[in-house]
Amino acid sequence: MKKTVSRAALVGVALCLFFIIFQISVSSTSRFLKYATNSPKPTQEEGTRKLKVISQPNSHPPKSLRLPVESPIICDRTDIRYDLCSINGPTVLDPSKSTLFTIGSAQHSIMEKVQPYPRKFEKFIMPRIKNLTLTSGPQRPPCKVPHNIPALVFSAGGYTGNFFHDFNDGFIPLFITVHTIFPDQDFVIVVSESPNWWPSKYADLLTVFTKHHIIVLKNDTPTHCFPSAKIGLISHGFMTINQTLLPNSKTLLDFRVLLDKAYTPQAQPKVLTSKHTNLRPKLVLASRKEDKGRSILNQEQVIRLIKKVGFDVVVFKPKNKTPLNESYALLNSSHAMVGVHGAALTHSLFLRPGAVLVQVVPIGVEWAAFAFFGRVAKGLNLQYSEYKIGVEESSLVDKYGNGSFLVKDPFALQKTGWDPEIMDIYLKEQNVKLDLIRFKACLKKAYVKAKRFMEANG
């Protein structure tokens, strides 16, 4: 009996040991697979939550601005969109090394790396943004070019060149940062990277921010010194300025005033002067090339319809080399703008408050339509409406069929976020053929508003 019990006990112990070893093996394998994958796919719940967080405006100021200065270098990395670093003392910038130096203790030296571009959440573009090194220690390079005002350092790389991103990731965050950190203080702009054309294209706008020469690292070799430096741009979200986070309560309307200062002197001769002679409101139709996606396939018919409803129409085909003062003059003298969701609608920033904006929304881009341009319209007090196309108005029906999940339920495919493959289908493959009967009803409402605006404002 003892032998039987003993054997049974040994078998039980052996089985327990086997089970424990098996569990450890499975657990280790799971952990290995989890961390060996470079970009693990989020669950639907995680993806939806992240997309919601990214698309929502910020509701709190940078944490670093509320902390006491206890270190020569402080970096706030708590925001999902940006990192913001401060060098709290005399700073030497060495363009050849993309490094900012400050004096500090040899025993407590500090080194931080930062990418000063406000799309930290995006894994595709951030690896292409240059890192800047911030370091403190007992030594620093000699100063060749002294400045008696602080530096504001940021990147104009990434998606720069796309007009939407030039403002969403560039000038609106720059406006926010200036009015958060330097509301009544002069500063020097230092650009860590940018396309060659960027400083000249936006020279008029940059001059409104600062009267000082813009330092572009790749075009500069001598060291520069500043009393302090801020590195990074603060973003409140897509095309958003949250006035509750700014000490002087600035809004998107104040940003519009800044645009007016930059471009009105040059645009003035072209601003509308025919208040009493032109009885038809002017509508700008933003046009896109078919091979770029989201173009209007029946554009000629649409133009005839717009004229029939009562508008004068200007077809607007902006290019990278289009002078901004000309674009500003056109939009600033218009009463309405119509366009399919896309970067060209960023020019709605140039519309006068109270003008009309109609955004044609292709299938699959509903959340982006409001997040990108609906907020601009709200912030500028534009009379905004959306024309959401029906499935039959999308070219995706011809390619995938009206029974396709891509066409019937785009939101379900986007619950885990905007994967590049899905994004390309809705943004690059899709064109629209507007239902002229449905769209006419939309235009008639826009005409009434635009006519009233023209009569009141010229």
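## Basis of the model

The model is predicted, so local features need pLDDT of at least 70, side-chain atom pairs count only at pLDDT 80 or more, and totals for chains, interfaces and linings use all residues. Residues are numbered from 1 along each chain as its sequence is written, and side-chain values use heavy atoms, with hydrogens and water left out.

## Overall make-up

The protein has 14 helices and 17 strands. Helices (H or I, at least four residues) and strands (E, at least two) are DSSP runs, numbered from the N terminus. Of the 458 residues, 51% are buried. Buried means under 20% relative accessible area, exposed over 50%, and partly exposed in between, with a 1.4 Å probe and protein chains only.

Contact means heavy atoms within 4.5 Å. Among contacts between residues at least 6 apart in sequence, 76% join residues at least 24 apart.

Helix α8 spans residues 324–332 and is mostly covered, with 8 of its 9 residues buried. The buried set is Leu324, Asn325, Ser327, Tyr328, Ala329, Leu330, Leu331 and Asn332.

## Aromatic pairs

Rings of Phe, Tyr and Trp (its six-membered ring) pair if their centres lie within 6.5 Å; planes under 30 degrees apart count as stacked, over 60 as edge-to-face and the rest as tilted. The count comes to 24 aromatic pairs. Ring pairs join Phe154, Phe163, Phe167, Phe171, Phe175, Trp198, Tyr202, Phe209, Phe255, Tyr263, Tyr328 and Phe350 into a cluster. Tyr328 of this cluster is also one of the buried residues of α8.

## Cavities

Rolling a probe the size of a water molecule over the atoms shows where empty space is left. On a 1 Å grid over the protein atoms alone, a cavity is a set of points where a 1.4 Å probe fits but cannot get out; lining residues have an atom within 4 Å of a point. Grid points are joined across faces, edges and corners, and a volume is the space filled by probe spheres set on the points. The whole structure holds 2 cavities of 30 Å³ or more.

The largest cavity has a volume of about 80 Å³. Its lining consists of Tyr117, Phe154, Ser155, Ala156, Thr160, His165, Asp166, Asp169, Gly170, Phe171, Leu174 and Trp198. Helix α3 (residues 163–181) supplies the largest share, 6 residues. By class, the lining has 6 nonpolar, 4 polar and 2 charged residues. Here Ala, Val, Leu, Ile, Met, Phe, Trp, Tyr, Cys and Pro count as nonpolar, Asp, Glu, Lys and Arg as charged, and the others, Gly among them, as polar. The second largest cavity holds about 40 Å³. Around it are Arg81, Pro118, Arg119, Phe121, Asn168, Asp169, Ser235, Gly237 and Phe238. They divide into 3 nonpolar, 3 polar and 3 charged residues.

## Second largest pocket

A pocket is an open set of points with protein on both sides within 12 Å along at least five of seven lines. Helix α9 (residues 366–379) gives the most, with 4 residues. The lining has 5 nonpolar, 5 polar and 2 charged residues.

## His224

His224 lies in strand β11 (residues 224–226). The residue is buried, at a relative accessible area of 5%. A polar contact is a pair of N or O atoms within 3.5 Å; within protein, one must be able to donate a hydrogen and the other to accept it, and residues adjacent in sequence count only if both atoms are side-chain atoms. The His224 side chain makes such contacts with the side chains of His147, at 2.9 Å, and Asp220, at 3.0 Å.

Beyond four places in sequence, His224 is in contact with Thr91, Val92, Leu93, Pro95, Cys143, Val145, His147 and Ile215.

## Two buried loop residues

Thr210 sits in the loop between α5 (203–209) and β10 (215–216). Its relative accessibility is 4%, so Thr210 counts as buried. A polar atom of its side chain lies 2.9 Å from the backbone oxygen of Phe187 and one lies 3.2 Å from the backbone nitrogen of His212. Thr210 and Phe187 are 23 residues apart along the chain, with C-alpha atoms separated by 6.8 Å.

Ser394 is in the loop between β17 (383–388) and α10 (396–400). Ser394 is buried, at 3% relative accessible area. A polar atom of its side chain lies 3.1 Å from the backbone nitrogen of Leu396. Not counting residues up to four places away in sequence, Ser394 touches Ile363, Ile389, Gln430 and Asn431.
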